[in-house]
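Thank you all for coming; today I would like to walk you slowly through a structure that may be new to you. Please have a look at it first, and then we will turn to how its side chains pack.

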Amino acid sequence: MRTDKELEWNTIEEKYLIKRRWLTAKVEKVQLPDGRIYDEYYTLEYPDWINVIAITKDGKMILEKQWRHAQRVVSTEIPAGVIEKGEEPLAAAKRELQEETGFGGGTWSEFMVLSPNPGSMNNHSHTFLAEGVEKISDTHLDETEDIEVFFRSQEEVYEMLKNGEFCQALMAAPLWKYFATKKIVDQH
């Protein structure tokens, strides 16, 4: 078996096609380990993202519904957002939960880190578990956010997950892990 170093590609040239806050794309000329040259390999660069599995003091999970224009759907989600430049993932998670829902406090732990699509995207999605959160402020939404916040029992969220009500893969994966590791699953 080859080492990780032996599997690495060599970048010969790179050129940015577009560089905007939410869309950065570059094309690279790369050399594969066997010497072949590939002239057009495209990479999308994004900031890292966070997700929060937030559970209130009374055991309810905080969920959101919002319009997702690229898919043209109203999406059921867990609180999430972008890590700002220079911000630590945990600080971003706490900020996003409070901005989107008005909830905070509680006990926080890093739950998992995923790569959205390592073949064409360079970022990570950090999921945190926030237990025992409570209402501490009003919401402070970004200009394109129109979020409906609602609460469900963990059993209800598990049923929603099984029924395919979460279309965002980077949110469904941590929820599946949560229910598998917390043993809140069907007992029959």
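This is a predicted model: local features need pLDDT of at least 70, side-chain atom pairs count only at pLDDT 80 or more; totals for chains, interfaces and linings use all residues.

**Cores and rings**

Let me begin with F179, which is buried, with a relative accessible area of 0%, where buried means under 20% relative accessible area, exposed means over 50% and partly exposed lies in between, taken with a 1.4 Å probe and protein chains only. Residues are numbered from 1 along each chain as its sequence is written, and side-chain values use heavy atoms, with hydrogens and water left out.

F179 pairs with Y178 in an edge-to-face arrangement, at 5.2 Å centre to centre and 80° between the planes; here rings of Phe, Tyr and Trp (for Trp, the six-membered ring) pair if their centres lie within 6.5 Å, and planes under 30 degrees apart count as stacked, over 60 as edge-to-face and the rest as tilted. Y178 also counts as buried, because its relative accessibility is 3%.

Which residues touch the most other members of the largest nonpolar core? They are I53, M61, F166, L175, Y178 and F179, out of 20 residues in that core, a nonpolar core being a set of buried Ala, Val, Leu, Ile, Met, Phe, Trp, Tyr and Cys residues joined through side-chain atoms within 4.5 Å. At least two residues each come from β4 (49-56), β5 (61-68), β9 (107-114), α3 (154-162) and α4 (169-182), and α4 gives the most, with 5 residues; helices (H or I, at least four residues) and strands (E, at least two) are DSSP runs, numbered from the N terminus. A second, separate core has 13 residues, including V52, A92, F128 and A130.

Returning to the rings, the structure holds 8 aromatic pairs. One of them joins Y158 and W176, edge-to-face, at 6.2 Å centre to centre and 85° between the planes, and this pair links distant parts of the chain, with Y158 in helix α3 and W176 in helix α4, 18 residues apart. Are these two partners buried or partly exposed? Y158 counts as buried because its relative accessibility is 10%, whereas W176, at 39%, counts as partly exposed. Ring pairs link F111, Y158, W176, Y178 and F179 into a cluster.
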